[in-house]
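Please read it alongside the sequence and the model.

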Amino acid sequence: MIELDDVRAAARRLAAVAHRTPVFTSATLDQLTQCRVFLKAESMQRTGSFKFRGAYNRLARLTVEERRRGVLAYSSGNHAQAVALAAKLLEIPATIVMPADAPSIKLDATRGYGAEVVFYDRYRQDRLAVATELARQRNLVVVPPYDDPDIMAGQGTAALELMEDVDGLDMLVVCIGGGGLMAGSSTAVKGVDPSITVVGVEPAARDITRRSVEIGIRIAVDVPATIADGLQTTQPGELTFEVNRRHVDTFTVATDAQMIAAMLLLFTRLKLVIEPSGACALAAVIAGNVACAGKRVGVILSGGNIAPDRFAHFVTAAQAPTG
(Lines give C-alpha, C1' and ligand atoms only; values in the text may rest on other atoms or scores of the structure.)
Protein backbone atom coordinates (compact mmCIF):
# COMPACT_ATOMS: atom_id res chain seq x y z
CA MET A 1 0.00 0.00 0.00
CA ILE A 2 2.96 2.32 0.49
CA GLU A 3 6.50 2.18 -0.87
CA LEU A 4 9.79 3.94 -0.26
CA ASP A 5 8.92 6.48 -2.97
CA ASP A 6 5.80 7.47 -1.00
CA VAL A 7 7.91 8.16 2.08
CA ARG A 8 10.38 10.18 0.04
CA ALA A 9 7.55 12.20 -1.50
CA ALA A 10 6.23 12.91 1.98
CA ALA A 11 9.70 14.05 3.04
CA ARG A 12 9.69 16.61 0.22
CA ARG A 13 6.31 17.99 1.35
CA LEU A 14 7.53 18.23 4.93
CA ALA A 15 10.97 19.65 4.19
CA ALA A 16 10.07 23.29 4.80
CA VAL A 17 7.45 22.63 7.47
CA ALA A 18 8.45 19.85 9.88
CA HIS A 19 11.54 19.90 12.09
CA ARG A 20 14.42 17.62 11.22
CA THR A 21 14.66 16.24 14.72
CA PRO A 22 18.06 15.59 16.33
CA VAL A 23 19.71 12.26 17.02
CA PHE A 24 21.17 11.76 20.51
CA THR A 25 23.71 9.29 21.82
CA SER A 26 24.83 8.41 25.35
CA ALA A 27 27.94 6.55 26.50
CA THR A 28 26.02 5.46 29.60
CA LEU A 29 23.21 4.04 27.50
CA ASP A 30 25.65 2.24 25.23
CA GLN A 31 27.40 0.66 28.21
CA LEU A 32 24.11 -0.35 29.78
CA THR A 33 22.76 -2.00 26.63
CA GLN A 34 26.06 -3.25 25.17
CA CYS A 35 25.16 -1.75 21.81
CA ARG A 36 25.53 1.61 20.05
CA VAL A 37 22.21 3.41 20.43
CA PHE A 38 21.04 6.33 18.30
CA LEU A 39 17.94 8.10 19.62
CA LYS A 40 15.70 9.94 17.14
CA ALA A 41 14.02 12.55 19.36
CA GLU A 42 10.57 13.03 17.86
CA SER A 43 9.65 14.71 21.15
CA MET A 44 11.26 17.76 19.54
CA GLN A 45 9.00 17.62 16.49
CA ARG A 46 6.27 20.22 16.09
CA THR A 47 3.40 19.43 18.52
CA GLY A 48 5.82 17.25 20.49
CA SER A 49 5.54 13.98 18.57
CA PHE A 50 6.05 12.24 15.23
CA LYS A 51 2.33 12.62 14.51
CA PHE A 52 2.77 16.01 12.86
CA ARG A 53 4.58 14.33 9.96
CA GLY A 54 1.65 12.14 8.93
CA ALA A 55 -1.02 14.70 9.66
CA TYR A 56 0.56 17.41 7.54
CA ASN A 57 1.32 15.01 4.70
CA ARG A 58 -2.32 13.89 4.63
CA LEU A 59 -3.84 17.36 4.82
CA ALA A 60 -1.44 18.76 2.22
CA ARG A 61 -2.88 16.26 -0.28
CA LEU A 62 -6.53 17.28 0.21
CA THR A 63 -8.38 18.79 -2.73
CA VAL A 64 -9.62 22.38 -2.63
CA GLU A 65 -13.16 21.12 -2.08
CA GLU A 66 -12.08 18.84 0.79
CA ARG A 67 -10.21 21.69 2.47
CA ARG A 68 -13.32 23.85 2.27
CA ARG A 69 -15.41 21.16 3.99
CA GLY A 70 -12.97 20.77 6.86
CA VAL A 71 -11.46 17.73 8.58
CA LEU A 72 -12.24 15.53 11.55
CA ALA A 73 -9.75 13.45 13.52
CA TYR A 74 -10.09 11.16 16.53
CA SER A 75 -7.23 10.81 18.98
CA SER A 76 -6.16 10.55 22.62
CA GLY A 77 -3.88 13.51 22.09
CA ASN A 78 -0.82 13.47 19.84
CA HIS A 79 -2.67 12.97 16.55
CA ALA A 80 -5.22 15.50 17.76
CA GLN A 81 -2.56 18.16 18.21
CA ALA A 82 -0.88 17.26 14.94
CA VAL A 83 -4.06 17.56 12.87
CA ALA A 84 -5.02 20.76 14.67
CA LEU A 85 -1.69 22.42 13.86
CA ALA A 86 -1.53 21.10 10.28
CA ALA A 87 -5.06 22.37 9.70
CA LYS A 88 -4.16 25.76 11.12
CA LEU A 89 -1.11 26.03 8.85
CA LEU A 90 -3.15 25.04 5.81
CA GLU A 91 -6.18 27.14 6.84
CA ILE A 92 -8.53 24.16 7.11
CA PRO A 93 -11.31 23.96 9.75
CA ALA A 94 -10.65 21.07 12.17
CA THR A 95 -12.82 19.10 14.59
CA ILE A 96 -11.18 16.61 16.95
CA VAL A 97 -12.92 13.75 18.78
CA MET A 98 -11.00 13.11 22.04
CA PRO A 99 -11.59 10.85 25.07
CA ALA A 100 -12.98 12.68 28.07
CA ASP A 101 -9.94 11.59 30.10
CA ALA A 102 -7.35 12.78 27.57
CA PRO A 103 -4.28 14.33 29.25
CA SER A 104 -4.93 18.02 29.87
CA ILE A 105 -1.64 19.05 28.26
CA LYS A 106 -2.74 17.44 24.99
CA LEU A 107 -6.28 18.78 25.21
CA ASP A 108 -5.12 22.34 25.88
CA ALA A 109 -2.65 22.24 23.00
CA THR A 110 -5.29 20.92 20.59
CA ARG A 111 -7.65 23.72 21.47
CA GLY A 112 -4.78 26.19 21.38
CA TYR A 113 -4.21 25.42 17.71
CA GLY A 114 -7.80 26.45 17.02
CA ALA A 115 -9.54 23.07 16.67
CA GLU A 116 -12.99 22.30 18.05
CA VAL A 117 -12.91 19.38 20.52
CA VAL A 118 -15.78 16.89 20.91
CA PHE A 119 -15.49 14.39 23.80
CA TYR A 120 -16.39 10.70 24.03
CA ASP A 121 -16.08 8.01 26.73
CA ARG A 122 -13.28 5.67 25.67
CA TYR A 123 -14.53 2.91 28.00
CA ARG A 124 -18.17 2.98 26.86
CA GLN A 125 -18.16 4.34 23.33
CA ASP A 126 -16.48 3.32 20.10
CA ARG A 127 -14.47 6.35 19.02
CA LEU A 128 -14.58 5.36 15.35
CA ALA A 129 -18.36 5.12 15.47
CA VAL A 130 -18.59 8.50 17.22
CA ALA A 131 -16.24 10.12 14.72
CA THR A 132 -17.88 8.53 11.68
CA GLU A 133 -21.34 9.73 12.67
CA LEU A 134 -20.13 13.26 13.44
CA ALA A 135 -18.26 13.43 10.13
CA ARG A 136 -21.41 12.29 8.33
CA GLN A 137 -23.54 14.91 10.04
CA ARG A 138 -21.11 17.74 9.27
CA ASN A 139 -19.78 16.46 5.91
CA LEU A 140 -16.17 16.48 7.16
CA VAL A 141 -13.15 14.62 5.77
CA VAL A 142 -11.98 12.00 8.27
CA VAL A 143 -8.23 11.98 8.97
CA PRO A 144 -7.51 8.68 10.78
CA PRO A 145 -4.62 8.48 13.25
CA TYR A 146 -2.76 5.69 11.45
CA ASP A 147 -4.82 3.66 8.97
CA ASP A 148 -4.16 5.80 5.89
CA PRO A 149 -1.38 5.58 3.25
CA ASP A 150 -0.51 9.29 3.47
CA ILE A 151 -0.38 9.15 7.27
CA MET A 152 1.90 6.09 7.19
CA ALA A 153 4.17 7.63 4.56
CA GLY A 154 4.49 10.84 6.54
CA GLN A 155 5.38 8.99 9.74
CA GLY A 156 8.02 7.03 7.88
CA THR A 157 10.02 10.21 7.23
CA ALA A 158 11.34 10.00 10.81
CA ALA A 159 13.09 6.70 10.05
CA LEU A 160 14.22 8.00 6.65
CA GLU A 161 15.94 10.96 8.33
CA LEU A 162 17.54 8.68 10.91
CA MET A 163 19.06 6.50 8.22
CA GLU A 164 20.33 9.57 6.39
CA ASP A 165 21.94 10.94 9.55
CA VAL A 166 23.39 7.68 10.92
CA ASP A 167 25.41 5.34 8.72
CA GLY A 168 25.38 1.59 9.05
CA LEU A 169 22.38 0.89 11.24
CA ASP A 170 21.89 -2.79 12.00
CA MET A 171 18.51 -2.44 13.69
CA LEU A 172 15.58 -0.06 14.11
CA VAL A 173 13.35 -0.28 17.19
CA VAL A 174 9.95 1.43 17.11
CA CYS A 175 6.90 1.43 19.37
CA ILE A 176 3.58 0.15 18.03
CA GLY A 177 0.13 1.45 18.89
CA GLY A 178 -2.14 1.54 15.86
CA GLY A 179 0.92 0.84 13.75
CA GLY A 180 1.29 3.95 11.56
CA LEU A 181 4.76 4.94 12.75
CA MET A 182 5.98 1.38 12.40
CA ALA A 183 4.36 0.90 8.98
CA GLY A 184 6.00 4.01 7.59
CA SER A 185 9.31 3.36 9.33
CA SER A 186 9.54 -0.29 8.30
CA THR A 187 8.67 0.63 4.70
CA ALA A 188 11.45 3.22 4.67
CA VAL A 189 14.00 0.92 6.29
CA LYS A 190 13.32 -2.13 4.16
CA GLY A 191 13.23 0.05 1.05
CA VAL A 192 16.65 1.52 1.77
CA ASP A 193 18.36 -1.56 3.26
CA PRO A 194 16.44 -4.84 3.66
CA SER A 195 19.21 -6.23 5.88
CA ILE A 196 18.30 -3.88 8.74
CA THR A 197 16.35 -5.72 11.43
CA VAL A 198 13.07 -4.02 12.37
CA VAL A 199 11.78 -4.57 15.91
CA GLY A 200 8.32 -3.52 17.10
CA VAL A 201 7.66 -2.85 20.78
CA GLU A 202 4.25 -2.83 22.41
CA PRO A 203 3.11 -2.29 26.01
CA ALA A 204 3.09 -5.58 27.88
CA ALA A 205 -0.57 -4.96 28.66
CA ARG A 206 -1.61 -5.08 24.95
CA ASP A 207 0.75 -6.91 22.62
CA ILE A 208 -2.00 -7.25 20.05
CA THR A 209 0.07 -6.74 16.92
CA ARG A 210 2.46 -9.56 17.83
CA ARG A 211 -0.40 -11.92 18.61
CA SER A 212 -2.28 -10.85 15.48
CA VAL A 213 0.74 -11.55 13.30
CA GLU A 214 1.19 -14.96 14.92
CA ILE A 215 -2.34 -16.10 14.06
CA GLY A 216 -2.65 -14.16 10.80
CA ILE A 217 -5.71 -12.05 11.63
CA ARG A 218 -6.26 -8.86 13.62
CA ILE A 219 -7.43 -9.44 17.17
CA ALA A 220 -9.22 -6.90 19.34
CA VAL A 221 -9.00 -6.35 23.09
CA ASP A 222 -10.56 -4.07 25.68
CA VAL A 223 -8.81 -0.77 26.42
CA PRO A 224 -5.56 -1.92 28.08
CA ALA A 225 -4.44 -0.67 31.48
CA THR A 226 -1.11 0.96 30.71
CA ILE A 227 0.49 4.33 31.43
CA ALA A 228 1.30 4.56 27.71
CA ASP A 229 -1.92 6.35 26.77
CA GLY A 230 -0.72 6.90 23.21
CA LEU A 231 -0.49 3.12 22.71
CA GLN A 232 -3.90 2.16 24.13
CA THR A 233 -5.36 1.11 20.79
CA THR A 234 -7.57 -1.95 20.99
CA GLN A 235 -6.85 -3.42 17.54
CA PRO A 236 -4.13 -3.05 14.90
CA GLY A 237 -5.10 -0.91 11.93
CA GLU A 238 -6.34 -2.81 8.88
CA LEU A 239 -3.80 -1.23 6.54
CA THR A 240 -0.96 -0.92 9.04
CA PHE A 241 -1.31 -4.58 9.97
CA GLU A 242 -0.75 -5.69 6.39
CA VAL A 243 2.37 -3.54 6.11
CA ASN A 244 3.81 -4.52 9.48
CA ARG A 245 3.24 -8.26 9.09
CA ARG A 246 5.45 -8.09 5.97
CA HIS A 247 8.20 -5.76 7.18
CA VAL A 248 8.61 -6.18 10.94
CA ASP A 249 11.11 -8.90 11.76
CA THR A 250 10.29 -9.40 15.43
CA PHE A 251 8.09 -8.09 18.21
CA THR A 252 8.60 -7.63 21.92
CA VAL A 253 7.08 -5.73 24.84
CA ALA A 254 7.93 -3.26 27.58
CA THR A 255 6.23 -3.04 30.95
CA ASP A 256 5.06 0.19 32.54
CA ALA A 257 7.92 -0.05 35.04
CA GLN A 258 10.44 -0.45 32.22
CA MET A 259 9.01 2.61 30.44
CA ILE A 260 9.38 4.66 33.61
CA ALA A 261 12.97 3.49 34.01
CA ALA A 262 13.70 4.59 30.45
CA MET A 263 12.05 7.97 31.08
CA LEU A 264 14.23 8.45 34.15
CA LEU A 265 17.42 7.56 32.29
CA LEU A 266 16.57 9.89 29.42
CA PHE A 267 15.89 12.72 31.84
CA THR A 268 18.94 12.27 34.07
CA ARG A 269 21.50 11.44 31.37
CA LEU A 270 20.27 13.28 28.27
CA LYS A 271 17.95 15.90 29.82
CA LEU A 272 15.09 14.70 27.61
CA VAL A 273 11.46 14.69 28.76
CA ILE A 274 9.71 11.76 27.10
CA GLU A 275 6.17 10.47 27.66
CA PRO A 276 5.64 6.75 28.47
CA SER A 277 4.56 5.90 24.91
CA GLY A 278 7.61 7.70 23.57
CA ALA A 279 9.92 5.72 25.84
CA CYS A 280 8.38 2.33 25.07
CA ALA A 281 10.85 1.30 22.34
CA LEU A 282 13.92 2.31 24.33
CA ALA A 283 12.50 0.65 27.45
CA ALA A 284 12.60 -2.73 25.69
CA VAL A 285 16.21 -2.15 24.62
CA ILE A 286 17.34 -1.17 28.13
CA ALA A 287 15.48 -4.09 29.72
CA GLY A 288 17.23 -6.58 27.45
CA ASN A 289 14.05 -7.52 25.62
CA VAL A 290 15.76 -6.78 22.30
CA ALA A 291 18.79 -8.86 21.23
CA CYS A 292 21.06 -6.02 20.16
CA ALA A 293 24.48 -6.61 21.74
CA GLY A 294 27.26 -5.28 19.52
CA LYS A 295 24.86 -3.71 17.01
CA ARG A 296 24.20 -0.16 15.85
CA VAL A 297 20.61 0.42 16.92
CA GLY A 298 18.28 3.25 15.96
CA VAL A 299 15.44 3.96 18.39
CA ILE A 300 12.60 6.39 17.77
CA LEU A 301 11.51 8.34 20.85
CA SER A 302 8.03 8.97 19.52
CA GLY A 303 6.82 11.82 21.73
CA GLY A 304 7.23 13.99 24.79
CA ASN A 305 3.74 15.28 25.56
CA ILE A 306 3.30 14.70 29.27
CA ALA A 307 2.08 17.02 32.01
CA PRO A 308 4.84 18.15 34.42
CA ASP A 309 3.11 16.72 37.50
CA ARG A 310 2.58 13.33 35.84
CA PHE A 311 6.18 13.19 34.67
CA ALA A 312 7.41 14.14 38.13
CA HIS A 313 5.21 11.45 39.70
CA PHE A 314 6.65 8.74 37.47
CA VAL A 315 10.32 9.59 37.80
CA THR A 316 10.08 10.27 41.54
CA ALA A 317 8.41 6.92 42.11
CA ALA A 318 11.14 5.23 40.08
CA GLN A 319 13.79 6.66 42.43
CA ALA A 320 11.91 5.90 45.67
CA PRO A 321 13.58 3.36 47.98
CA THR A 322 11.94 -0.04 48.30
CA GLY A 323 11.72 -2.55 51.13
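Helix H1 (residues 4–14) packs against helix H10 (residues 180–192) at an angle of about 110°, their axes being 8 Å apart. This is a predicted model, in which local features need pLDDT of at least 70 and side-chain atom pairs count only at pLDDT 80 or more, while totals for chains, interfaces and linings use all residues. Residues are numbered from 1 along each chain as its sequence is written, and side-chain values use heavy atoms, with hydrogens and water left out.

- Helices here are DSSP runs (H or I, at least four residues), numbered from the N terminus.
- Axes are lines fitted to C-alpha atoms over the stretch in contact, and angles run from 0 to 180 degrees between N-to-C directions.
- H1 and H10 are therefore roughly perpendicular to each other (65 to 115 degrees).
- On the H1 side, Leu-4, Val-7 and Arg-8 are in contact (heavy atoms within 4.5 Å) with Gly-184, Thr-187, Ala-188, Gly-191 and Val-192 of H10.
- The residues of this contact between H1 and H10 comprise 4 nonpolar, 3 polar and 1 charged; Ala, Val, Leu, Ile, Met, Phe, Trp, Tyr, Cys and Pro count as nonpolar, Asp, Glu, Lys and Arg as charged, and the others, Gly among them, as polar.

**Helix H14**

- In H14 (residues 276–286), 10 of the 11 residues are buried, meaning under 20% relative accessible area with a 1.4 Å probe, protein chains only.
- The buried residues of H14 include Pro-276, Cys-280, Leu-282 and Val-285.
- Gly-288 follows H14 and has a positive phi, near 85°.

**Nonpolar cores**

- A nonpolar core is a set of buried Ala, Val, Leu, Ile, Met, Phe, Trp, Tyr and Cys residues joined through side-chain atoms within 4.5 Å.
- The largest one has 62 residues, of which Leu-39, Val-173, Leu-282 and Val-299 touch the most other members.
- Helix H13 (residues 256–270) supplies the largest share of this core, 8 residues.
- Not counting residues up to four places away in sequence, Val-299 touches residues including Leu-39, Val-173, Ala-281, Leu-282 and Val-285.
- A second, separate core has 29 residues, among them Tyr-56, Ala-86, Val-143 and Ile-151.

**Ala-84**

- Ala-84 lies in helix H5 (residues 78–89).
- Ala-84 counts as buried because its relative accessibility is 1%.
- Leaving aside neighbours within four places in sequence, Ala-84 contacts Thr-110, Tyr-113 and Ala-115.
- Ala-73 is 11 residues from Ala-84 in sequence and 8.8 Å away in space, C-alpha to C-alpha.

Technical notes. Helices (H or I, at least four residues) and strands (E, at least two) are DSSP runs, numbered from the N terminus. Angles under 35 degrees count as roughly parallel, over 145 as roughly antiparallel, 65 to 115 as roughly perpendicular and the rest as oblique. Buried means under 20% relative accessible area, exposed over 50%, partly exposed in between (1.4 Å probe, protein chains only).
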